[in-house]
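Thanks for asking for a second pair of eyes on this one. My comments follow as numbered points.

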Amino acid sequence: MEALLDKIVRDLPAPEGDPDAPARAMIFDSVYDTYRGVVTYVRVVDGMLHPRERIQMMSTRASHELLEIGVSSPEPTPSKGLGVGEVGYLITGVKDVRQSKVGDTVTNLAKPAAQSLPGYADAKPMVFSGLYPLDGADYPVLRDALEKLMLNDAALVYEPETSAALGFGFRVGFLGLLHLEITRERLEREYNLDLISTAPNVEYEVTLEDKKVVRVTNPSEYPTGKIAEVREPMVSATILAPNEFVGAIMELCQSRRGVMGGMDYLSEDRVEIRYRLPLAEIVFDFFDILKSKTRGYGSLDWKADGEKVADLVKVDIMLQGEQVDAFSAITHRDKAYAYGVMMTGKLRELIPRQQFEVPIQAAIGSRIIARESIRAIRKDVLAKCYGGDISRKRKLLEKQKEGKKRMKMVGTVEVPQEAFIAALTTDESKDKAKKK
Amino acid sequence: MSLAATVVERSGLPARKLGTVFFGGGTPTLLPADDLSMILRAAIDQWGIEDGAEVTTEANPDSVTPESLAVLKEAGFTRVSFGMQSAVPHVLKVLDRTHTPSRVPQAVQWAREAGLDVSLDLIYGTPGESLADWRHSLETALSYQPDHISAYALIVEEGTKLAAQMRRGEVPGIDDDDHADKYELADQLITDAGLGWYEVSNWARGPEHACRHNLSYWRGDDWWGIGPGAHSHVGGVRWWNVKHPSAYANRLSQGLSPAAGRETLDAETRNLERVMLEARLQSGLDVSALSPAGRHQVAGLIADSLVDPAAAFRGRLVLTLKGRLLADAVVRRVLPN
């Protein structure tokens with residue numbers, strides 16, 4: 001260990017910085033501690049930070065008093081200050097996590113630096129999904145939870161969004177599907193939230209005929225006017241698998257609008273296949289299907305690879321003529337029909353019968369592409385109701401009225417919350433839930 | 001019975017004579033008619049009985065004779081309700097009913113000769129019962145010219161043999177549309193035969209043949225239920241006895257109350273029950289029992305043809321045929337949230 005440390009001291013270049021210049025320290029992480037508030041981790045580049053000084057965040061211009069400064073060794077240990085090249089933590093007693101943004105520069109309020117440090121390149125979210133609390137009252141909890149997660153996850157972006165069907169929630173941007181799953185899992189486990197997430201989608205660039213360009217991260221923002229072209233993000237994907245699965249993999253990629261880039265044998269029985277695919281085609285269930293088609297041997301690696309014009313349309317789902325925003329999807333024109341049939345069929349199973357017939361339609365613009373209907377309920381009465389049945393019947397009635405409160409109204413149609421969740425859940429993830 | 005009498009006396013409620021007596025819940029006629037008569041006599045001795053009181057017993061068509069019915073009439077019984085259920089053998093088999101369909105007309109005839117009012121109970125929607133089967137049951141029952149008919153949709157209770165068979169897929173499940181078709185057919189045929197509906201599942205040959213005992217349940221009157229599992233409702237309190245016969249007998253022999261649980265009904269709950277029960281009656285619910293928000297719903301119910309417009313105009317909520325089939329939905333709509 002000692003030899004290793006000696007080697008580090010001898011071989012690695014010492015940090016460069018001006019100890020006499022105004023202080024500049026870069027925030028590389030920050031966490032929220034229930035007892036101490038926000039703990040900010042920094043690396044000092046120039047100058048020095050001392051306890052009890054007033055410091056300033058250069059991006060927000062907010063200033064705070066340094067209650068404690070120290071190093072991790074590995075427990076937080078207060079020190080008399082942090083100098084050039086030193087890494088440590090700052091505590092200001094601030095509770096608002098937004099005050100300590102990763103990549104921001106900390107300086108001394110009395111002797112501020114003229115220029116902030118370059119910070120980190122912003123990670124660009126690729127996949128978007130709406131997150132909604134199952135219980136509307138949890139919305140503030142979800143907001144706080146996202147703020148805290150964002151503190152040490154610079155890639156996470158979100159903005160509030162309202163859905164007629166799901167209420168108040170957030171449209172959240174992620175680096176990819178794994179990031180989405182981890183974030184969702186953390187929100188549910190660490191913050192005890194029950195969430196509905198809408199089907200993930202990518203960001204589209206829609207050019208209207210009047211040359212106006214709109215970036216769409218949510219199907220409900222899809223413009224209604226005349227559209228000149230739609231561009232979607234592409235990825236270049238590399239798939240490694242035993243060669244016996246080449247056929248199955250090519251079939252899968254072809255069905256996902258992939259264009260083959262090349263194929264190499266890494267060994268006698270291992271092959272590398274390269275495809276250019278629309279990101280939208282791999283965000284949902286691609287990896288799960290790849291795994292099942294290759295008996296678990298296939299691996300997928302992908303990186304962003306520009307944008308491409310595609311023949312995309314928005315499919316709307318309507319209940320009794322009322323559009324249900326949560327179920328809208330942007331798909332390739334060739335797949336719109338399949339989506340419409342799948343979603344209308346699913347909803348027909350999930351929505352209970354009402355006192356009137358409820359048509360369920362899938363439409364592109366004003367053109368209906370699929371239609372199902374829920375027949376009106378004809379019987380809703382308990383036949384027998386004598387002395388011994390009255391209490392039970394009353395309790396049933398009270399329970400039904402309670403259940404009615406959990407219904408979301410879409411126009412005059414009562415839709416149980418469970419129907420939304422089930423309709424937005426893929427069969428794969430349902431299986432996963434069962435396994436838990 | 002003496003317990004009941006003592007409780008009522010000590011609670012300071014006014015002394016009342018029996019208005020109706022109902023022997024039911026199982027097959028009371030398995031007891032010899034003399035025993036049933038003895039029980040009735042004991043009740044009358046304890047409480048007294050109003051002139052023209054209604055006294056009913058449920059009966060299996062196989063367990064009565066002209067003699068036993070005459071004994072009942074003599075003791076003060078006025079009415080007998082036969083559990084006919086169906087006239088179709090394969091339906092009776094699924095229901096696990098053992099009586100012989102051909103005994104029913106005879107039993108009805110004997111009861112009539114003994115001077116008793118006759119009611120027939122029918123069940124529809126049994127797995128395997130076709131619409132033609134049900135029509136046959138209805139037409140057969142009506143050909144005996146009963147004074148009263150009850151027709152219930154089959155309810156499959158958890159823990160029964162039928163529920164298990166349904167879960168295993170051995171018999172088809174319950175289909176609400178099938179129930180609706182059969183209810184509509186029942187209402188049509190029974191009405192054509194000259195009986196009128198007075199409650200969702202009950203029809204009578206004129207108001208004087210309606211079952212007053214059941215009406216008292218639906219109108220929130222006081223009643224005292226005797227026997228294992230029986231419910232009672234007196235002075236705004238409802239209670240129910242332990243279910244198992246031996247537990248019931250033990251409690252009584254040790255001088256303990258057989259009650260297993262009780263609830264006190266507050267004004268809000270009583271109103272809820274009133275709306276829930278009176279809306280099922282042909283006499284209807286007084287619209288003034290509804291909250292302003294509930295009254296506001298009435299126009300919509302008329303528009304949806306669930307409620308009779310003329311009756312609503314007179315201030316009573318009376319269900320249409322469609323409304324009777326959706327009675328629970330109507331009640332949910334008019335009750336405050």
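**Notes on the model**

1. Let me start with chain A: 45% of its 436 residues count as buried, where buried means under 20% relative accessible area, exposed over 50% and partly exposed in between (1.4 Å probe, protein chains only). The C-alpha trace of chain A spans about 85 × 70 × 50 Å along its principal axes. Chain A has 10 helices and 26 strands, taken as DSSP runs numbered from the N terminus (helices H or I, at least four residues; strands E, at least two).

2. A word on conventions: this is a predicted model, in which local features need pLDDT of at least 70 and side-chain atom pairs count only at pLDDT 80 or more, while totals for chains, interfaces and linings use all residues. Residues are numbered from 1 along each chain as its sequence is written, chains are lettered from A and ligands numbered from 1 in the order in which they are written, and side-chain values use heavy atoms, leaving out hydrogens and water.

3. On confidence, the model scores ipTM 0.87 and pTM 0.72. Chain B averages a pLDDT (the predictor's confidence in each residue, from 0 to 100) of 92, and 100% of its residues score at least 70.

4. Across all chains there are 50 salt bridges, each a side-chain nitrogen of Lys or Arg within 4 Å of a carboxyl oxygen of Asp or Glu. One of them joins A:Arg24 and A:Asp46 at 3.2 Å, N to O. A:Arg24 lies in strand β1 (residues 24-33) of chain A and A:Asp46 in strand β2 (residues 37-46) of chain A, so this pair ties together parts 22 residues apart in sequence. A:Asp46 is buried, at 11% relative accessible area.

5. A:Glu68 and A:Arg36 also meet in a salt bridge, at 2.5 Å, N to O. Here A:Glu68 sits in strand β5 (residues 68-72) of chain A and A:Arg36 in the loop between β1 and β2 of chain A, 32 residues apart. A:Glu68 counts as buried at 14% relative accessibility, whereas A:Arg36 is partly exposed at 35%.

6. Do look at the salt-bridge network that links A:Glu203, A:Glu205, A:Arg215, A:Glu229, A:Arg231 and A:Glu307. Within it, the closest N and O atoms of A:Arg215 and A:Glu205 are 2.8 Å apart.

7. Finally, chain B has an open antiparallel sheet in the order β8-β9-β10, where strands pair if DSSP finds at least two bridges between them. β8 (231-234) and β10 (259-264) of chain B each have a single partner strand, so one side of each is left without a neighbour in the sheet.
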